[in-house]
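Please consult the sequence and the structure shown below while reading.

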Amino acid sequence: MRIDPEKCTACAQCPDYCPVTCIHEGDGVYFMDEDECVECGVCLRDAGCPTEAIYMPEESNRYPRSIRAAFSDPAVQYPEELFPDLKQGGRGTEEMKTNDVTGNFPRGEFGMTLEFGRPGTGTRLREVEKVTTLLTSLGIRFEGSNALFFLLEEPERGVLKRELRDEKVLSIIVEFTLAEAQLETIVAALFEVLQTVDTVVSWGLVTRFEEDGSLPVTDRLEKLGLTVRPNAKVNMGMGRPIIED
Ligand code: SF4
Ligand code: SF4
């Protein structure tokens, strides 16, 4: 995004709208630090600039920068040419939230998510690569149904396309499944690498309740030093499971 200095009257209305605080004042006008801007579109849509000084320049839509809006602005679709055959809507985790119908996470497996950059911080994609390369070295494979897959140059090694590493997005989700027996190994390795990641990460695990209503994974996670905050979502009227338990 960009501010036209000829039009900006320095009314100071737009900076508070920016989730990554990249709108600053200088020389009597406001400007954007375009390297930090994630192209979320909030300033353009919502700040109500009285002189319409805010605009999206051509460069914002050019690859690789175009990746920013795709992962930051919910009003922007994943571009077909970069994400061919992507079935995923929204920003990911749809499958996790509808597991009672899809059965994607059967007993014996956990789902895991690592959401980078939210709230209001954003992330460089190179921070995500620290985790994807680690996970593939531990035998985790990423599936083509997740938008992240299309950013990988070498999916089997978790290596990102080189030109994307310095791009910054508001949030991106690493999502995968693991066998229950892998839990301690994966969590310990992630715990270590996450100390080196330069952004915030929300870490989630998807599991099913046992027949008696218990969640044995809670004890296992607490033994690993993690504080567990159980969270559930009930999808009313979703219909019958596709896969019987
Ligand atoms: S597009 Fe988003 S990140 Fe960029 S300046 Fe506007 S509000 Fe900030
Ligand atoms: S809202 Fe418009 S006029 Fe006001 S500071 Fe921002 S760009 Fe300048």
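In strand β10, Val 174 is the bridge partner of Leu 114. The model is predicted, so local features need pLDDT of at least 70 and side-chain atom pairs pLDDT 80 or more, whereas totals for chains, interfaces and linings use all residues. Residues are numbered from 1 along each chain as its sequence is written, chains are lettered from A and ligands numbered from 1 in the order in which they are written, and side-chain values use heavy atoms, without hydrogens and water.

Strands are DSSP runs (E, at least two residues) numbered from the N terminus. Strand β5 (residues 109–116) runs antiparallel to β10, and eight bridges join them. Because six of its eight residues are buried, β10 is largely enclosed by the rest of the structure; buried means under 20% relative accessible area with a 1.4 Å probe, protein chains only.

The second largest pocket holds about 280 Å³ of space. Of its 14 lining residues, Phe 105, Glu 143, Glu 175, Phe 176 and Thr 177 are the closest to its centre. Strand β10 (residues 172–179) gives the most to this lining, with three residues. A pocket is an open set of points on a 1 Å grid over the protein atoms alone where a 1.4 Å probe fits, with protein on both sides within 12 Å along at least five of seven lines; lining residues have an atom within 4 Å of a point. The volume is the space filled by probe spheres set on the points, which are joined across faces, edges and corners.

Residues near a ligand have a heavy atom within 4 Å of it. Those nearest to ligand 1 include Cys 18 and Cys 37, and those nearest to ligand 2 include Cys 8 and Thr 9.

| Residue set | Nonpolar | Polar | Charged |
|---|---|---|---|
| Shell around ligand 1 | eleven residues | one residue | one residue |

Definitions and conventions
Helices (H or I, at least four residues) and strands (E, at least two) are DSSP runs, numbered from the N terminus. Ala, Val, Leu, Ile, Met, Phe, Trp, Tyr, Cys and Pro count as nonpolar, Asp, Glu, Lys and Arg as charged, and the others, Gly among them, as polar. Buried means under 20% relative accessible area, exposed over 50%, partly exposed in between (1.4 Å probe, protein chains only). Two strands pair if DSSP finds at least two bridges between them.
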